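Please look over the model shown here before reading on.

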Amino acid sequence: MSGKVDLKVVMLGQISCGKTSVVERFIYNRFNNNYQNTIGAAFGARYLDVQGKRICLGLWDTAGSERYEAMSRIYYRDAKAAVICYDITNSKSLDRAKFWVSELQRSEESCKLYLCGTKLDVVQDDPHRRQVDYHDVNDYAEQICGKFFETSSKTGHNIEELFACIVEEYAEDNAEIIATLDKSTIILKEENKSKRCC
Ligand SMILES: Nc1nc2c(ncn2[C@@H]2O[C@H](COP(=O)(O)OP(=O)(O)OP(=O)(O)O)[C@@H](O)[C@H]2O)c(=O)[nH]1
């Protein structure tokens with residue numbers, strides 16, 4: 001991937017709630033069961049098409065450990081969208097998500113808020129594992145004028161939908177910027193001419 005980032009997105013949320021997994025599913029379409037904590041922050045990017053234009057999303061995946069809290073503030077600066085994650089199987093993680101919402105409302109007023117419940121597959125397999133009610137978060141999302149998705153990075157459920165919503169809302173609010181972007185292109189792979197059928 002080359003070129004500049006058109007839309008800066010920051011990932012925030014409690015340690016181990018699943019931020020890196022959302023990014024990995026979205027960018028590489030893969031999932032890793034083994035937990036490896038993020039140190040500092042990581043960056044990934046992917047192109048999406050919106051309104052016939054190609055837009056580059058840059059994702060800053062912050063570390064959930066409170067040890068890196070001050071560092072996370074550097075990464076949300078000038079972000080156009082924040083994906084604030086919580087783990088559906090861990091009620092404390094919603095408190096942490098609410099902390100980040102307050103923080104962004106205070107210091108990044110123009111940053112759009114997207115609440116992302118993670119690990120939906122776990123509660124689909126065992127409903128007793130759910131600790132965060134869907135309707136409670138839905139009401140909270142309305143209250144903060146944000147959007148809300150319950151996702152699973154393991155199955156991929158709602159991951160594309162989440163980022164599609166982010167670019168669509170960005171495009172609606174920033175028509176002038178979108179007009180300056182390159183058109184979407186379909187890249188046709190040239191046949192390998194040396195390859196012969198026997
Ligand atoms: N079953 C299931 N497990 C998940 C899902 N998302 C994340 N996990 C697991 O939860 C653990 C933590 O996931 P990460 O994505 O590393 O969490 P994180 O929020 O990036 O963690 P930090 O970088 O330490 O803040 C890992 O073992 C993941 O495999 C999911 O959708 N379903």
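In which sense, left-handed or right-handed, does α2 cross α3? In this predicted model, α2 passes α3 in a right-handed crossing. The residues that make this contact are E69, S72, R73 and Y76 on the α2 side, and R96, F99, W100, E103, L104 and S107 on the α3 side. Sorted by class, the residues of the contact of α2 with α3 comprise four nonpolar, two polar and four charged.

Two packed helices are described by the angle between their axes and the distance between the axes. The table sets out these values for two helix pairs.

| Helix pair | Axes come within | Crossing angle |
|---|---|---|
| α2 (residues 69-76) and α3 (residues 91-107) | 12 Å | roughly 50° |
| α1 (residues 19-28) and α6 (residues 159-173) | 10 Å | roughly 85° |

How are α1 and α6 oriented to each other? Their axes cross at roughly 85°, and the two helices are therefore roughly perpendicular to each other, since angles of 65 to 115 degrees fall in that class. From α1 the contact draws on V22, R25 and F26, and from α6 on I159, E160, L162 and F163. By class, the contact of α1 with α6 has five nonpolar and two charged residues, with no polar residue. For the other pair, the axes of α2 and α3 cross at roughly 50°, and that makes α2 oblique to α3.

The ligand has 23 residues around it, of which K19, S21, Y35, T38 and D121 come nearest. Two of these residues can be followed down to single atoms. A polar side-chain atom of K19 is placed 2.7 Å from an oxygen atom of the ligand, while for D121 a polar side-chain atom lies 2.7 Å from a nitrogen atom of the ligand. The backbone also takes part in the description of this site, in that a polar backbone atom of C17 is 3.2 Å from an oxygen atom of the ligand.

Technical notes
Residues numbered from 1 in each chain as written. Predicted model: local features only at pLDDT ≥ 70, side-chain atom pairs only at ≥ 80, totals over all residues. Heavy atoms only, no water. Axes fitted to C-alpha atoms, helices over the stretch in contact; angles between N-to-C directions. Helix = DSSP H or I, 4+ residues; strand = E, 2+ residues; numbered from the N terminus. Parallel < 35°, antiparallel > 145°, perpendicular 65-115°, else oblique. Left-handed = near helix turned anticlockwise from the far one by under 90°. Contact = heavy atoms within 4.5 Å. Nonpolar A, V, L, I, M, F, W, Y, C, P; charged D, E, K, R; others polar. Near = heavy atom within 4 Å. Polar contact = N/O pair within 3.5 Å; in protein donor to acceptor, adjacent residues only side chain to side chain.
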